[in-house]
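The stops below are meant to be visited in order.

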Amino acid sequence: MSAPEELQRLRVGIAGYGVVGRRRRHYIDLNPRMRTVAVCDAKYATHGVFEDGVKYYSDYQSLLRQELDVLFVSLPNYLAAEVTVAGLARGLHVFCEKPPGRDLADLARVIEEEQRHPALKLKFGFNHHYHYSVKEARRIVLSGDLGHVINLRGLYGKSKIISFESSWRTRRSEAGGGILLDQGIHMVDLMRMFAGEFDRIQSVVSNSFWRHDVEDNAYALMQTKDGIVAMLHSSATQWRHSFRLEITLERGHLTLEGILSGSKSYGSETLTIAYTSEDDGGDPREVTTHYERDDSWRDEIAEFADAVVGDRQIIEGSSFEALRTMELVYRIYGADREWKKRFDIVDRAPEPVASLLK
């Protein structure tokens with residue numbers, strides 16, 4: 001790359017330089033339109049410069065005083081909205097990991113700041129949209145080749161809430177929620193993508209195993225106005241990390257199993273398509289595709305860079321979509337009356353942001 005082209009690359013700062021922040025940097029620096037110039041993380045006792053010339057800071061305020069074009073936010077839930085708002089106020093395009101905050105009030109503050117800066121791009125990291133199995137399933141559903149969606153069943157589980165003994169993830173004041181907000185939000189987001197908006201919701205939310213003040217299991221039964229039914233189980237007592245989404249259509253069935261991740265602990269990523277016929281005897285023909293490569297992080301960042309450089313609208317991971325998904329998460333919490341009362345759950349977006357959902 002020539003020097004003039006190098007100067008045209010977007011200058012990126014990364015707030016939160018843990019596992020996710022470092023992984024984001026890898027793909028940011030591979031993108032020809034971006035380069036990381038500075039990071040921050042509380043693990044650094046002071047400010048300094050890495051051997052490759054990238055600056056590091058102990059706090060996000062110092063990071064935001066640098067000459068940046070773009071801010072990536074890879075921070076805990078209790079800081080995500082605060083730093084996203086600060087980045088937008090600083091005049092930066094912002095990419096924030098999911099969840100977009102601890103609750104709907106956090107996200108409302110972000111959206112209010114976003115609306116003050118219509119020229120800036122804001123994107124949330126709903127990374128599962130970019131996995132090859134999900135993209136192919138979406139193509140099939142949208143094509144109508146197998147008819148309309150009838151119902152969905154989804155399981156997303158892990159063996160515990162990460163670092164459950166002392167992590168901020170176990171404290172409601174810092175996390176906002178447990179396994180449903182932390183991981184299950186991806187499944188909620190995918191169910192919305194495949195089925196549309198749900199208006200009837202029943203749920204059971206529980207913290208009976210790990211006994212923190214955030215949930216370790218959430219079970220939901222939901223239905224759209226068109227009659228599509230979805231069953232969801234988000235679990236921190238699965239013992240084996242699991243991802244499985246089943247989509248039943250009028251003339252077939254899709255099973256997405258496994259999801260390629262940094263830990264590789266969810267098994268191989270596959271999409272199985274079952275084609276029904278009148279004489280299949282309940283044993284339809286199936287075709288299974290195995291996906292060995294995960295380009296989701298690369299593709300997600302590339303789409304964001306293109307939106308910034310080309311002044312294109314954010315579609316995947318927009319604040320509007322994030323708001324709808326977050327509201328559904330909190331409606332699942334609120335549908336369990338005991339859980340709602342126990343933790344004073346607010347399950348609707350505050351005005352005037354709520355008007356965006358009408």
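Select Asp294 first: this residue is buried, with a relative accessible area of 13% (buried means under 20%, exposed over 50%, partly exposed in between, with a 1.4 Å probe and protein chains only). The model is predicted, so local features need pLDDT of at least 70 and side-chain atom pairs pLDDT 80 or more, while totals for chains, interfaces and linings use all residues. Residues are numbered from 1 along each chain as its sequence is written, and side-chain values use heavy atoms, without hydrogens and water.

Arg23 lies in helix H2 and Asp294 in the loop between E15 and helix H9, so the pair ties together parts 271 residues apart in sequence (helices are DSSP runs of H or I with at least four residues, strands runs of E with at least two, numbered from the N terminus).

Next, select Arg298 and Asp299, whose closest N and O atoms are 2.8 Å apart in a salt bridge. Asp299 is buried at 18%, whereas Arg298 is partly exposed at 39%. Shared partners join Lys135, Arg293, Asp295, Arg298 and Asp299 into one network.

Finally, select residues 132–143, helix H6. Its buried residues are Ser133, Val134, Ala137, Ile140 and Val141. Seen down the axis of H6, they fall within an arc of 125° (taken from the directions from the axis to the C-beta atoms), so they line one face of the helix. Just after H6, Gly144 takes a positive phi of about 80°.

Key:
Expected span 1.5 Å × (residues − 1). Salt bridge = Lys/Arg side-chain N within 4 Å of Asp/Glu carboxyl O.
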